[in-house]
Protein chains: 2
Amino acid sequence: MDPLPLDCGRALKDVNIRYETAGTLNAERSNAVLITHALSGDAHVCGYHTPEDRKPGWWDAMIGPGKYIDTDKYFVICSNIIGSCSGSTGPRSIDPDTGKPYNLNFPVITVRDMVRAQKALIDHLGIKKLLSVVGGSMGGMQVLEWAVEYPESIDCAIPIATAGQFSPQNIAFDWVAREAIKADPAFKNGDYSTDEPPSRGLGAARMLAHITYLSEETMSRKFGRNLQNKESYDYDFNYDFAVESYLEHQGKRFVERFDADSYFYITRATDYFDLSAHADGDLIKTFALTNAAFLVVSFSSDWLFPTWQSKRLVEAMLKNKLPVSFCEIQSSYGHDAFLLEVDILGRMIRDFLRHRQEGLKHV
Amino acid sequence: MDPLPLDCGRALKDVNIRYETAGTLNAERSNAVLITHALSGDAHVCGYHTPEDRKPGWWDAMIGPGKYIDTDKYFVICSNIIGSCSGSTGPRSIDPDTGKPYNLNFPVITVRDMVRAQKALIDHLGIKKLLSVVGGSMGGMQVLEWAVEYPESIDCAIPIATAGQFSPQNIAFDWVAREAIKADPAFKNGDYSTDEPPSRGLGAARMLAHITYLSEETMSRKFGRNLQNKESYDYDFNYDFAVESYLEHQGKRFVERFDADSYFYITRATDYFDLSAHADGDLIKTFALTNAAFLVVSFSSDWLFPTWQSKRLVEAMLKNKLPVSFCEIQSSYGHDAFLLEVDILGRMIRDFLRHRQEGLKHV
């Protein structure tokens, strides 16, 4: 599928999709599990590229030989979304029509566009039907799009810590994040050079987002009002508090690995996400479009994607008599719990996948 | 008290305090009520300055002849805090030592410093004992400081939608807000000219704060995912959603009336606020320092100063056998409820003040 048609009406030429796989596709091609990543994720989902790597892939605790998503059993695929800055075609790619980077001339993409590109990858890999699509946060939005857009191509779907639509509060946070980037003169309306990126603005945007990933409880327990390496206030505007120092660190680390234009595109895709658009705003009718089985998971202290949003999905699935398992995991970690509560979440995913795969064998 | 000693160890010369009064001080000087304002408030608390004024003072629904805080009965005083940009001495004032504006050479002030300046004003007005100090949000912090620092100078205290200390989550939001201002090149480390203020950065900071003043419920009901004067997405980064347009408007209005350096100083004062510092971090011992009566009010959907923080104050007051009334008002308005739920809050304040004043007459 090249050019790739997009929801905005434009099309993307010469699309590249960075992806990684782990495990082996079985003869029936029935053991493939697609992992969809969140806002700042990438294709490197598990294992090490070289023995020197400081860290393994971003969900290595979940995925690997003998792990919860067991690569001795499953063929795991993780593809970097379009719009990203981690190998797939994105705003910093070269526009074949001009020979220059797109920057903000890149078309505005949607979560459905990301999934459309993933479907082309799965076709390319010769896989007719995925056993499952699994992802958290914006990854969960992709999972939901897969279930509704390509129901014949998946058996089951595992949307984690996500929602059927992005809430106005979350749209508002994204707006402020992009305003902070725009306020940085280095941004140059997206036309910055790679050597002089808008680090200050992107750092502020990431810090803001990071607050929404944590819970008030985690922040209080982890940092409280502790001061950072000092006994009393400095009475200035540098950091006094441990939580300030932590945020600074998070912002700095992020700008080393992420791109401001990509941040614009990916946050806009989440703003635009509303699954019920498949049926003119009717979520129940939307789930009439699929016959997938679902495992829906939320976390009690996640205030970015609170449990009631998952329940709304589950209710619409049940109205359509779809097979649904739902669990709210008690956790103090906030939205980040989908990456941190690996053991309880992992057991749930493992058992659900095993159950689905055994069911398929019996058919 | 000139120069005014400050918690940071410095002192402030030639301090000016902008204040307004309404009603008449009685012969016994026993009917004075001090109103303390929140972050962006000012001394103009009720009534109109001229018949042409577009709007009355910021708490006019609460205060005036025959209103809940009845200026036919009470002598109401509202003073603009030091550090502000609304008439009292602040970072944009002229430093008498240099003849130039302080900007970021202004000393970092605390809530206690603000209250110290207010005490000097009350002394200046010849009032030995206030009937009450009443305020919400950062105004509530000032109320608490009054009760603990000058217990002999107040009869009762009404802290609303506030806390005994600023939470790490709130410190984190302030940090990001200041980062957004710093990212604006117009800020010039505080040395901007009044003609070219860092509007973009200050606007972003205000928008961020504004999100925290609303509840998720209010945002969903007020805006939902409604588009602003359009039928479908524009697929760009200008505003599509009503909530984005609303935030932009709030940001723009704010930069017309507020100053970035003041925003630095006042947010830092809230970061530093920890009432328990009066007794080495022990909140119960802190309230042993006062004999004031309290009416503590919180709002159910306020996530900036959630009810549990008010309850923590109430528990510490009760351990000291102080007379305390506490109410959590059921409201969907979030933190802004302290300005919006005027009727239920007003009746509570009216009855509490009447009760206290009658008690004083019987002594």
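## Two helices of chain A

Helix α3(A) passes α7(A) in a left-handed crossing; that label applies if the near helix is turned anticlockwise from the far one by less than a right angle, and right-handed applies if clockwise. Helices here are DSSP runs of H or I with at least four residues, strands are runs of E with at least two, and both are numbered from the N terminus. The model is predicted, so local features need pLDDT of at least 70 and side-chain atom pairs count only at pLDDT 80 or more, while totals for chains, interfaces and linings use all residues. Residues are numbered from 1 along each chain as its sequence is written, and chains are lettered from A and ligands numbered from 1 in the order in which they are written.

α3 covers residues 168-183 of chain A, and its axis lies 10 Å from that of α7(A), at an angle of about 160°. Axes are lines fitted to C-alpha atoms, for helices over the stretch in contact, and angles run from 0 to 180 degrees between N-to-C directions. The pair is therefore roughly antiparallel, a term for angles over 145 degrees; under 35 is roughly parallel, 65 to 115 roughly perpendicular and the rest oblique.

From α3(A), the residues Ile171(A), Asp174(A), Ala177(A), Arg178(A) and Ile181(A) take part. They meet Ala260(A), Tyr263(A), Phe264(A), Thr267(A), Thr270(A) and Asp271(A) of α7(A). Two residues are in contact if their C-beta atoms, placed from the backbone, lie within 7 Å. The contact of α3(A) with α7(A) has six nonpolar, two polar and three charged residues. Ala, Val, Leu, Ile, Met, Phe, Trp, Tyr, Cys and Pro count as nonpolar, Asp, Glu, Lys and Arg as charged, and the others, Gly among them, as polar.

α7(A) runs through residues 260-272. Its 13 residues should span 18 Å at 1.5 Å a residue, and its end C-alpha atoms are 19 Å apart, which agrees. The expected span is 1.5 Å times one less than the number of residues. Of the 13 residues of α7(A), 13 are buried, so the helix is largely enclosed by the rest of the structure. Buried means 20 or more other C-beta atoms within 10 Å of a residue's own, exposed means 12 or fewer, and partly exposed lies in between.

α2(A) covers residues 138-149. Its 12 residues should span 16 Å, and its end C-alpha atoms are 16 Å apart, in agreement. The helix is mostly covered, with 11 of its 12 residues buried. Among them are Met138(A), Leu144(A) and Trp146(A). The cover includes β4 (32-36), α1 (111-124), β10 (130-136), β11 (154-160), α7 and α8 (283-287) of chain A.

## Loop residues of chain A

Ser86(A) sits in the loop between β7 (75-79) and β8 (94-95). This residue is partly exposed, with 18 C-beta neighbours inside 10 Å. Leaving out residues up to four places away in sequence, Ser86(A) touches Arg18(A), Asp42(A), Ala43(A) and Asn80(A). Ser325(A) is 239 residues away along the chain, and the two C-alpha atoms are separated by 33 Å.

Asp14(A) lies in the loop between β2 (11-12) and β3 (19-22). Its phi is near 50°, a positive value in a residue other than glycine. With 12 C-beta neighbours inside 10 Å, Asp14(A) counts as exposed.

## Inside chain B

Helices α1 (residues 111-124) and α2 (residues 138-149) of chain B have axes that come within 9 Å and cross at roughly 70°. That makes the two roughly perpendicular. α1(B) passes α2(B) in a right-handed crossing. Val111(B), Arg112(B), Met114(B) and Val115(B) of α1(B) meet Met141(B), Gln142(B), Glu145(B), Trp146(B) and Glu149(B) of α2(B). By class, the contact holds five nonpolar, one polar and three charged residues.

Asn189(B) belongs to the loop between α3 and α4 of chain B. It has a positive phi of about 50° although it is not a glycine. Asn189(B) counts as exposed, with 10 C-beta neighbours inside 10 Å.

## Where the chains meet

The contact between the chains takes 43 residues from chain B and 43 residues from chain A. On chain B, α3 (168-183), α4 (199-213), α5 (216-222), α6 (242-257) and α7 (260-272) each supply at least two residues. α3(B) gives the most to this side, with 12 residues. The side of chain B that touches chain A has 25 nonpolar, seven polar and 11 charged residues.

Glu216(B) is found in α5 of chain B. It is partly exposed, with 19 other C-beta atoms within 10 Å. Glu216(B) touches Ser167(A) and Gln169(A), not counting residues up to four places away in sequence.
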